[in-house]
Amino acid sequence: MSGRGSKGAKTGKAVKNVSKSQKAGLQFPVGRIARYLRKGKFGQRIGSGAAVYMAAILEYLSAEILELAGNAARDNKKSRIVPRHIQLAIRNDEELSRLLADVTIAQVNLVSHYGIT
């Protein structure tokens, strides 16, 4: 045999489909991000690792913001994260504040330069 054909044919066991996200150990959809990168015409050729790397970065940033927003909600004695908590989390963190300096979050009052209002 040449080794081609279905993978489960030799052993008699069915092979389960494993997503790219599961292979990479991520929660964010690697396949969808790869599709968006291809459709977005960001380059003529998009490597297979680019989508995994992008998904990992997005997942890390989301987890970081959600953790800080959860802490802000707990500080305000709330059990749910509202946009105000996300705003407080971003503006109190130096690196996130620099990254998201030009971002406007809906349903949030402005944060003054003299302190959180």
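At a relative accessibility of 44%, G47 counts as partly exposed (buried means under 20% relative accessible area, exposed over 50%, partly exposed in between, with a 1.4 Å probe and protein chains only). G47 is found in the loop between α2 and α3. Along the chain, G47 and A34 are 13 residues apart, and their C-alpha atoms are separated by 8.9 Å.

The structure is a predicted model, in which local features need pLDDT of at least 70 and side-chain atom pairs count only at pLDDT 80 or more, while totals for chains, interfaces and linings use all residues. Residues are numbered from 1 along each chain as its sequence is written, and side-chain values use heavy atoms, with hydrogens and water left out.

The protein chain contains 5 helices and 0 strands, where helices (H or I, at least four residues) and strands (E, at least two) are DSSP runs numbered from the N terminus. The order of elements from the N terminus is α-α-α-α-α. Of the 117 residues of the chain, 20% count as buried. Contact is defined as heavy atoms within 4.5 Å; among contacts between residues at least 6 apart in sequence, 38% join residues at least 24 apart. The accessible surface of the protein chain comes to about 9,800 Å², with 53% of this belonging to carbon and sulfur atoms. Accessible areas come from the Shrake-Rupley method with a 1.4 Å probe, and for residues only the protein chains shown count as cover.

K20, K23, R32, R35, R38 and K39 form a positive surface patch. Patches are made of residues with over 30% relative accessible area and no salt bridge, like charges being joined within 9 Å and nonpolar side chains (Val, Leu, Ile, Met, Phe, Trp, Tyr) within 5 Å. A salt bridge is a side-chain nitrogen of Lys or Arg within 4 Å of a carboxyl oxygen of Asp or Glu. Helices α1 (20-24) and α2 (30-39) each supply at least two residues of the patch. The largest share, 4 residues, comes from α2, and R38 has its place in this helix.

In helix α4 (residues 83-92), the buried residues are R84, H85, Q87, L88, A89 and I90. These buried residues pack against α3 (48-75) and α5 (94-99). I86 is also found in α4, but is partly exposed, with a relative accessible area of 26%. Apart from neighbours within four places in sequence, I86 is in contact with I65, A69, I81 and I105. I86 and L66 are 20 residues apart in sequence, and the distance between them in space is 7.4 Å, C-alpha to C-alpha.

Two lysines in loops were examined for backbone geometry. Most residues other than glycine have a negative phi. K41, in the loop between α2 and α3, has a phi near 55 degrees, a positive value in a residue other than glycine. K41 counts as exposed, at 69% relative accessibility. K77 lies in the loop between α3 and α4. The phi of K77 is near 60 degrees, again a positive value in a residue other than glycine, and at 77% relative accessibility K77 counts as exposed.

Note on methods. Lys, Arg positive; Asp, Glu negative; His and termini not counted. Charge placed at Lys NZ, Arg CZ, Asp CG, Glu CD.
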